[in-house]
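I opened my notebook and went through one structure, topic by topic. My entries follow.

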Amino acid sequence: DPTTITKAITLTAAPGADVAIRATSGNAVAITAGVGDTVVLRGLRLIGPGKNTTGTNGVLVNIASPSCCISVSLENTIVTDFEEGVEMNIGVAGRLLVTDSVFRSNKTGINFSAGGTEAHGAAVERSRFERNDVGIVTSTGNPVTVSNSIASGNGVAFQANPGGKLDIFQSFITKNSTGVDANGGVVRIGYSSVMGNSTGVA
């Protein structure tokens, strides 16, 4: 069942177990943890009602001042069929760390913006973005770094809106309508392949 997390915790599936959290509306996981808390989601499947169902989130990070400096980790997690796979738009410092995860058939896979020092922001590694309207979108705040990841079959794979910063390293971006959209933001690409898209970089 959908859950709300209010403190530091690790939710992990036992080895070999298929643990799914299904949401027919609202959030599969809502995080309102406190200052400095670390929340880890590991080995889960988060399943929504479809990307066109307004107000649905696989993971919603919902904190505001004076709370800050929360760290959220997704490890080996599948997030599918939400309006927002992960929504972490906070006006305070925070970190989002994603490894070995899949974002599929969402309107937006990850929607991220957070404040704080350069040590905050988002890091995505060894993950896949498939058939989302937008794989990752970032706006004002600290950078999102994507490495060793694949984006394929999306409308826009990766997008940086005004004030957003996106670093892409050693990743493959292919078979999307638009590979990378520097939509008023800053995008840096290194040692990556952007090919086979209708538009490579816009």
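**Entry 1: strand pairing.** I began with β14 and its partner β17, which spans residues 150–152. The two strands pair in the parallel sense over 3 bridges. R128 stands opposite I150 in β17. I noted that the model is predicted.

Next I asked where this pair sits in the sheet. I found 8 strands in an open sheet, in the order β3-β6-β9-β11-β14-β17-β20-β23. The pairing is parallel. Which strands form the edges? They are β3 (19–22) and β23 (193–194), and each pairs on one side only. As a reminder to myself, strands of a sheet pair through backbone hydrogen bonds, either parallel or antiparallel.

**Entry 2: the nonpolar core.** I turned to the inside. The largest nonpolar core has 44 residues. Which of them touch the most other members? I listed I31, L46, V59, L74, L96, I110 and F158. Strand β10, residues 84–99, gives the most to this core, with 6 residues. In soluble globular proteins, nonpolar side chains tend to be buried together.

**Entry 3: salt bridges.** How many salt bridges does the structure hold? I recorded 8. Side chains of opposite charge can pair when their charged atoms come close.

R42 forms a salt bridge with E75, and their closest N and O atoms are 2.6 Å apart. R42 lies in strand β5 (residues 38–42) and E75 in strand β8 (residues 70–75), so the pair ties together parts that are 33 residues apart in sequence. R42 is partly exposed at 33% relative accessibility. E75 is partly exposed too, at 24%.

K51 and D133 meet through their side chains in a salt bridge of 2.6 Å, N to O. K51 is in the loop between β6 (44–47) and β7 (57–61), while D133 is in the loop between β14 (128–130) and β15 (134–138), so this pair ties together parts that are 82 residues apart in sequence. K51 has a relative accessible area of 25% and is partly exposed. D133 is partly exposed at 29%.

R126 and E125 make a salt bridge at 3.2 Å, N to O. Salt bridges that share partners join D100, E125 and R126 into one network. R126 is partly exposed, at 41%, and E125 is partly exposed, at 29%.

**Entry 4: a charged residue inside.** I then looked up D181. Its place is in strand β21, residues 178–181. Is D181 buried or exposed? D181 is buried, yet has no salt bridge. The nearest side chain of opposite charge is K107, 16 Å away. The cut-off for a salt bridge is 4 Å, so K107 is out of range.

What does D181 contact, leaving aside neighbours within four places in sequence? I found V156, F158, Q159, A160 and A202.

**Entry 5: cysteines.** Last, I looked for disulfides. The structure holds 0. C68 counts as partly exposed at 22% relative accessibility. C69 is partly exposed, with a relative accessible area of 29%.

Key:
Residues numbered from 1 in each chain as written. Predicted model: local features only at pLDDT ≥ 70, side-chain atom pairs only at ≥ 80, totals over all residues. Heavy atoms only, no water. Helix = DSSP H or I, 4+ residues; strand = E, 2+ residues; numbered from the N terminus. Buried < 20%, exposed > 50% of the residue type's maximum accessible area, 1.4 Å probe, protein only. Lys, Arg positive; Asp, Glu negative; His and termini not counted. Contact = heavy atoms within 4.5 Å. Pairing = 2+ DSSP bridges. Core = buried A, V, L, I, M, F, W, Y, C linked by side-chain atoms within 4.5 Å. Disulfide = S-S within 2.5 Å.
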